[in-house]
Amino acid sequence: MSITRLADSPAKPWKNGMGRTRELVIHPATATMDDFQWRVSIAEVENAAPFSPFPGIDRVIALLDGEGFTMKMGDGRHHSLTTPCVPFAFAGETGVDIALAGGPSRDFNLMLRRGRVRGGIETWRSAGTRQPDASIALVYCAQGTIDTDEGLLHTGDAWRPGSGALVLQEGALALAVRVELHP
């Protein structure tokens with residue numbers, strides 16, 4: 001079965017030890033943090049802390065719940081990650097310090113090994129049937145329920161589609177991870 005339940009993904013410390021993350025998928029499955037091609041996780045952000053550096057990795061992040069935070073980038077830019085399910089991309093080697101907008105929050109993270117793969121996160125908000133194309137590597141149920149050929153996804157569940165369709169129920173919201181080999 002290619003459904004991952006968030007409850008079955010244990011919390012682990014961030015690479016820098018300043019927060020926790022729950023890994024939903026790492027590709028290839030036998031990869032480590034040093035040699036993965038792509039990875040998806042849910043970060044639990046409870047305090048103002050720097051992000052772990054990931055040189056050579058392109059990152060895409062989206063707020064799931066909570067009030068979010070402001071990212072102060074090492075290059076002087078600022079980004080407020082305060083609107084749920086709006087993806088923001090940045091280079092993994094960029095220094096990032098955060099200031100919480102309120103209390104704890106959770107965010108969805110996609111990491112892509114630069115030069116090997118490319119991709120992004122799409123937000124699917126409309127109820128109805130979708131047939132993911134071959135580049136959709138993961139569908140995450142951010143809100144509501146989603147029917148798949150392999151079972152029902154509830155909030156926090158992820159599905160690695162094969163050739164089957166999915167149905168977003170009324171009020172459902174999905175984050176679709178697109179991953180393609182770099183040309």
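This report walks through the pocket, the nonpolar cores and several individual residues of a predicted model.

## About the model

Because this is a predicted model, local features need pLDDT of at least 70 and side-chain atom pairs count only at pLDDT 80 or more, while totals for chains, interfaces and linings use all residues. Residues are numbered from 1 along each chain as its sequence is written, and side-chain values use heavy atoms, with hydrogens and water left out.

Strands are named throughout as DSSP runs (E, at least two residues), numbered from the N terminus.

## The largest pocket

The largest pocket holds about 270 Å³. Its lining has 21 residues, and those closest to the pocket centre are Trp14, Lys15, Thr21, Arg39 and Phe54. Two or more lining residues come from each of β2 (11-13), β3 (20-27), β4 (38-45), β5 (57-65) and β10 (105-113). By type, the lining divides into 10 nonpolar, 5 polar and 6 charged residues. Here Ala, Val, Leu, Ile, Met, Phe, Trp, Tyr, Cys and Pro count as nonpolar, Asp, Glu, Lys and Arg as charged, and the others, Gly among them, as polar.

A pocket here is an open set of points on a 1 Å grid over the protein atoms alone, where a 1.4 Å probe fits, with protein on both sides within 12 Å along at least five of seven lines; lining residues have an atom within 4 Å of a point. Grid points are joined across faces, edges and corners, and the volume is the space filled by probe spheres set on the points.

The largest nonpolar core has 24 residues, of which Leu24, Trp38, Val40, Phe108, Leu110, Tyr140 and Leu175 touch the most other members. At least two of its residues come from each of β3, β4, β5, β10, β11 (117-124), β13 (136-143) and β18 (173-181). Apart from this core lies another, of 15 residues, including Ala43, Ala49, Met73 and Ile98.

A core in this sense is a set of buried Ala, Val, Leu, Ile, Met, Phe, Trp, Tyr and Cys residues joined through side-chain atoms within 4.5 Å. Buried means under 20% relative accessible area, exposed over 50%, and partly exposed in between (1.4 Å probe, protein chains only).

## Buried residues in strands

Cys141 lies in strand β13 and counts as buried because its relative accessibility is 0%. Beyond four places in sequence, Cys141 touches Ile146, Leu153, His154, Thr155, Gly156, Asp157 and Leu173 (contact means heavy atoms within 4.5 Å). Cys141 and Ala176 are 35 residues apart in sequence, with 8.8 Å between their C-alpha atoms.

Val96 belongs to strand β9 (residues 96-100) and is buried, with a relative accessible area of 2%. Leaving aside neighbours within four places in sequence, Val96 is in contact with Ala49, Pro50, Phe51, Met71, Lys72, Met73 and Phe90. The C-alpha atoms of Val96 and Ala165 are separated by 38 Å, and the two residues are 69 apart along the chain.

## Serines in loops

Ser52 sits in the loop between β4 and β5 and is buried at 6% relative accessibility. Its side chain reaches the backbone nitrogen of Lys15 at 3.4 Å. Not counting residues up to four places away in sequence, Ser52 touches Trp14, Lys15, Asn16, Arg59 and Gly92.

Ser135 is in the loop between β12 (128-130) and β13, and is buried with a relative accessible area of 12%. The Ser135 side chain makes polar contacts with the side chains of Asp133 (2.7 Å) and Arg178 (2.2 Å). A polar contact is a pair of N or O atoms within 3.5 Å; within protein, one must be able to donate a hydrogen and the other to accept it, and residues adjacent in sequence count only if both atoms are side-chain atoms.

## Other loop features

Glu67, in the loop between β5 and β6 (69-73), is partly exposed, with a relative accessible area of 47%. Leaving aside neighbours within four places in sequence, Glu67 is in contact with Leu81, Thr82, Ala101, Gly102, Gly103, Pro104 and Ser105.

Two backbone details are worth a look. A cis peptide bond, with omega about -5°, joins His27 and Pro28; Pro28 is in the loop between β3 and β4. Cys85, a residue other than glycine, has a positive phi near 65°. Cys85 is found in the loop between β7 (78-81) and β8 (88-91) and is buried at 5% relative accessibility.

Key: Helices (H or I, at least four residues) and strands (E, at least two) are DSSP runs, numbered from the N terminus.
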